[in-house]
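Subject: Structure for you to look through

Dear colleague,

Please take your time with each part.

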Amino acid sequence: MPTARTRFRTGVAAATAAALSLALVAGCGGDSTGAASKDGKVTITMGLFGVMGLKETGLLEKYMEENPNVTIKADIAADEQTYYGALQTRLAAGSGLKDIQGIEVNRARELADTLAPRFVDLGEEEGTDHFLPWKAGQVTSKDGKVIGLGTDIGPMAVCYRKDMFEKAGLPTDREKVAELWKGDWKKYVEVGKDFKKNYEGGKKVAYMDSSTGLFNAQIYGNSEYFYGKDGELVYRDSPVVKEAWDTAVDAAQSGLTAELRQFQDGWDPGLSNSTFATTVCPAWMLAHISEKAGEANKGKWDVAEAPKGANWGGSFLGVMETSPVKEEAVKLVKWLTAPEQQEHVFAEIGNFPSSRTALESDTVKNAKSAYFSDAPIGEIFGKAAAEIPGDQVLGPKDGTIKDTFSQGLQLVESQGKSPAEAWRTTDERIRKAVG
């Protein structure tokens, strides 16, 4: 295992390492599920999304090396929205499911509330008591069934370009930068107005990538935002949502954004072409930034504490009841989410552990990132993780509502719609989607 000071691999390097095992760990692409043969050999299929770090860091290959009778076939979708749409279709059809399915946190409540019987209950598995208590709660059904084990969480910070801050007359030291906006996301926007007014760097540079990331950062630092504790929709009257919307709208209408929604078309080129100076970044985003921004920008990026602690993202692995190799699949999920493996993924690509044991390790606490100017990311994200509300209320349609608010902000940001009109459109779309 690399030391805590090992530089995180970029996605390119991780993909290169994973390619060495392509013959064994292949994207199956079809609707096959695992199987056990008469000679004792087992094939386990997995449905994953994004960069969950299980294949990219060599863990799947390592498991197969340690368990020579096991072959793992991982089908990885680049986009979680596409992945979840396919998962819903297969759950409805009752066929085409993998033995192990990835679950994104914004989908967890919907699956736990409506489709828990389709998943194996992992709550009573021995050796699974090392997770953050609120992490397990996110995938626990009303009758106490735990449908998945946690991989990572998404404590948040702000990634920023030191060279661009210098050209705008702003401090570049990460602690001084954090002081500029400490305690209030509105201060983050005000710093952006100073940046825009004073930047003297030649080509045009936006202060932030998008208003949507700013919106997400604000709501995810609170216990309630879209749903109330009784499961009712509260976003229309929520002061948390209103303040997040108003602050994001202010950034958009003040011309502070590059109008690039994160992970959508144009965002990756925006990183490589240095078109914006800051982005709200959960821990798992660092690997993506370092890959897409490239070696030419190594050391120009740094990481500062966010105004407030928040959690954006995080995933789980669930085992399907229909799997013909349930016992072997559960064993694999427990191994992949064990503290040692979570430490390894963090050291390789920065996905922040959901295991209390891993969080307390020196590997995590002392970690630094060479790409991000040797930022003490273990310390920064660890502090943010400690501030995440442990009683966050998740709703069945959190992911859909978040995506709809992002689309609504884009109406203001890139289409010139008034905030009032954009809000009405967003509200109508949510009511139509959620009912």
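What follows goes through the cavities, one of the pockets and then some packed helices. Please keep in mind throughout that this is a predicted model.

Sorted by class, the lining of the largest cavity holds six nonpolar, six polar and one charged residues.

The second largest cavity contains about 50 Å³ of space, and the residues around it are Val 105, Asn 106, Tyr 220, Tyr 225, Asn 311, Trp 312, Gly 313, Gln 392 and Leu 394. Helix H4 (105-114) and strand E9 (311-319) are the elements that give two or more residues to this lining, with E9 giving the most, namely three residues. In this lining there are five nonpolar and four polar residues, and no charged ones.

The elements that give two or more residues here are helix H7 (174-181), strand E8 (301-305) and helix H17 (377-386). The lining of the second largest pocket has nine nonpolar, one polar and nine charged residues.

Now for the helices. Two packed helices are described by the angle between their axes and the distance between the axes, so I give both values for each pair.

How are H10 and H19 placed relative to each other? The axes of helix H10 (residues 239-253) and helix H19 (residues 419-434) come within 11 Å and cross at roughly 130°, and H10 and H19 are therefore oblique to each other. Their crossing is right-handed. On the H10 side, Val 241, Trp 245, Val 249 and Gln 253 meet Pro 419, Ala 422, Trp 423 and Thr 426 of H19, and this contact comprises six nonpolar, two polar and no charged residues.

H10 also packs with helix H18 (residues 398-413), at an angle of about 35° and with the axes 9 Å apart, and this crossing is right-handed. Here Val 241, Trp 245, Ala 248, Val 249, Ala 252 and Gln 253 of H10 make the contact with Phe 405, Gly 408, Leu 409, Val 412 and Glu 413 of H18. By class, these residues divide into eight nonpolar, two polar and one charged.

Lastly, helix H3 (residues 80-93) and H4 pack at about 10°, with their axes 12 Å apart; H3 and H4 are therefore roughly parallel to each other. From H3, the contact takes in Glu 80, Gln 81, Tyr 84, Leu 87, Gln 88 and Leu 91, and from H4 it takes in Arg 107, Glu 110 and Leu 111. The contact of H3 with H4 has four nonpolar, two polar and three charged residues.

With best wishes

How values were computed. Residues are numbered from 1 along each chain as its sequence is written. This is a predicted model: local features need pLDDT of at least 70, side-chain atom pairs count only at pLDDT 80 or more; totals for chains, interfaces and linings use all residues. Side-chain values use heavy atoms; hydrogens and water are left out. Ala, Val, Leu, Ile, Met, Phe, Trp, Tyr, Cys and Pro count as nonpolar, Asp, Glu, Lys and Arg as charged, and the others, Gly among them, as polar. On a 1 Å grid over the protein atoms alone, a cavity is a set of points where a 1.4 Å probe fits but cannot get out, and a pocket is an open set with protein on both sides within 12 Å along at least five of seven lines; lining residues have an atom within 4 Å of a point. Grid points are joined across faces, edges and corners, and a volume is the space filled by probe spheres set on the points. Helices (H or I, at least four residues) and strands (E, at least two) are DSSP runs, numbered from the N terminus. Axes are lines fitted to C-alpha atoms, for helices over the stretch in contact, and angles run from 0 to 180 degrees between N-to-C directions. Angles under 35 degrees count as roughly parallel, over 145 as roughly antiparallel, 65 to 115 as roughly perpendicular and the rest as oblique. A crossing is left-handed if the near helix is turned anticlockwise from the far one by less than a right angle, and right-handed if clockwise. Contact means heavy atoms within 4.5 Å.
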